[in-house]
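Reader: Could you walk me through this structure, one question at a time?

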Protein chains: 2
Amino acid sequence: MKYIIANWKTNMTLDDVVSWISGFDPSFIPPKIQVVIAPSLIHIFPVADALKKTSVLIASQDVSIEDKGNHTGETAAFQIKELCKFSIVGHSERKEDTKVVIKKIDICLSNGITPIVCFTEPESLSTYKRPGLIYAWEDPNNISQGGVYREKSQEEIIDGVGKIRMILGENESLLYGGSVNKQNIAGLAAMKELDGVLVGNASLDPKHFTEIIRSYIHM
Amino acid sequence: MKYIIANWKTNMTLDDVVSWISGFDPSFIPPKIQVVIAPSLIHIFPVADALKKTSVLIASQDVSIEDKGNHTGETAAFQIKELCKFSIVGHSERKEDTKVVIKKIDICLSNGITPIVCFTEPESLSTYKRPGLIYAWEDPNNISQGGVYREKSQEEIIDGVGKIRMILGENESLLYGGSVNKQNIAGLAAMKELDGVLVGNASLDPKHFTEIIRSYIHM
């Protein structure tokens, strides 16, 4: 299975969401590709509703460390799991402590949510590793900074992925996340060591995101 | 105007939300009472949709300090304002720094959201005070702790509200929030110095919440 995850981050208005959905036709997606959309929490309900008859699944962009109870402003795993099969956890933009990320991983797992665990340094992987996760390497040398695309050679990515696979083993799902777009997707889609991509800015345009998905069809 | 705010905190499932809405008939609410519901972010869309033809308005339980952009997991004011007229800000359960609370107040105001600013100590009020806010006194001696109701005498509440009014003046909207329920609402509704209540646990039951609202009808 290849996973192609759209992380919309904090970019969309409701109109943007409606226009994205109407500009995205998921009927071409073959069963070997799992497309996942991660809207802002406030947009999860309408996105899940609009895509419920398609193969596309929903992720939250984060999960609370709190459970049910008096936690004003938190959205907990027991609420997220009703609409989302996945949750992005530990994204570098959240600047979270390793202990918090581990807590979130375990909360997801105990609620039947598959955590998409982001990490920048391969070293942190050994503390996160456990059954049932998807891992997403946010390559620190290749993360969009203020919209500027920082190109990295395919060789450097292969080298990094190799180091990660030494820790992770061959059977875990590993995604690449660092300025993924239609310019570099062919090389990423061709890498057998990767199980997909976590797409940021390029996922905001449904046509651009569709091109990224299409790169996987003949792989 | 009297404001009666239901802060559902992190308690509801989707089934709970559906059952709450079907158990709540807002048609009896007179125009002098503004009822506001604060669901979890993930439930704001369906709640706003279900209540759109009523006088009830929606609040978020928090707002991000971030604006539009690459902020995985955040829900920003520009997204909240599309569905919510209000946002609870600075609730004690969030344990936020005064500077963060002030930033959130200003982000709400610049997005046309009315912040319902929670505070425990009257002293913090002078830093928060500015036009266009609703203030909610989370009386530290009267906050539910683990579901245990901590009763406080009407005299003590009047004394506290008097101190707050010295800082706030007479014209600002001031709500009381501390274990508000059907047992103590008559006394709170009778206090002319208060402009309403912020209701926590007692708002989870639509019948209980309706009784609280009804206490204001003949005031």
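Author: Happy to! This is a predicted model, in which local features need pLDDT of at least 70, side-chain atom pairs count only at pLDDT 80 or more, and totals for chains, interfaces and linings use all residues. Residues are numbered from 1 along each chain as its sequence is written, chains are lettered from A and ligands numbered from 1 in the order in which they are written, and side-chain values use heavy atoms, with hydrogens and water left out.

Reader: How many residues of strand 2 of chain A are buried?

Author: Strands (E, at least two residues) and helices (H or I, at least four) are DSSP runs numbered from the N terminus. Buried means under 20% relative accessible area, exposed over 50% and partly exposed in between, with a 1.4 Å probe and protein chains only. A:Ile33, A:Val35 and A:Ile37 point one way, A:Gln34, A:Val36 and A:Ala38 the other, and all are buried. For strand 2 of chain A, residues 33–38, the count is therefore six of six.

Reader: Which residue is the bridge partner of A:Ala6 in strand 2 of chain A?

Author: Two strands pair if DSSP finds at least two bridges between them. Strand 1 (residues 2–7) and strand 2 of chain A are parallel and share six bridges. In strand 2 of chain A, the partner of A:Ala6 is A:Ile37.

Reader: Which handedness does the unit of strand 2, helix 2 and strand 3 of chain A have?

Author: Strand 2 and strand 3 (residues 57–60) of chain A run parallel, joined by two bridges. Helix 2 (residues 41–50) of chain A belongs with them to a β-α-β unit. A crossover is right-handed if, with the strands pointing away from the viewer, the path from the first strand over the helix to the second runs clockwise. By that rule, this unit is right-handed.

Reader: How much area do chain B and chain A bury between them?

Author: Contact means heavy atoms within 4.5 Å, and 38 residues from chain B and 38 residues from chain A take part. Buried area is the accessible area (1.4 Å probe) that two parts lose on being put together, summed over both. Of this area, 51% is on carbon and sulfur atoms, and the total is about 3300 Å².

Reader: Which residue of chain B meets A:Arg94 in a salt bridge?

Author: A salt bridge is a side-chain nitrogen of Lys or Arg within 4 Å of a carboxyl oxygen of Asp or Glu. The rule finds two across the interface of chain B and chain A. In one of them, at 2.9 Å from N to O, the partner of A:Arg94 is B:Glu74.

Reader: Is A:Lys9 buried or exposed?

Author: Most residues other than glycine have a negative phi. Phi of A:Lys9, however, is positive, near 50 degrees. A:Lys9 is found in the loop between strand 1 and helix 1 of chain A. Its relative accessible area is 10%, so A:Lys9 is buried.

Reader: And A:Lys95, is that residue buried or exposed?

Author: A:Lys95 has a positive phi too, about 50 degrees. This lysine sits in the loop between strand 4 (86–89) and helix 4 (98–110) of chain A. Its relative accessibility is 74%, so A:Lys95 counts as exposed.

Reader: Which residues is B:Ser173 in contact with, leaving aside its neighbours within four places in sequence?

Author: B:Ser173 lies in strand 7 (residues 173–177) of chain B. At 18% relative accessibility, B:Ser173 counts as buried. With those neighbours left aside, the contacts of B:Ser173 are B:Tyr3, B:Ile134, B:Tyr135 and B:Asp195.
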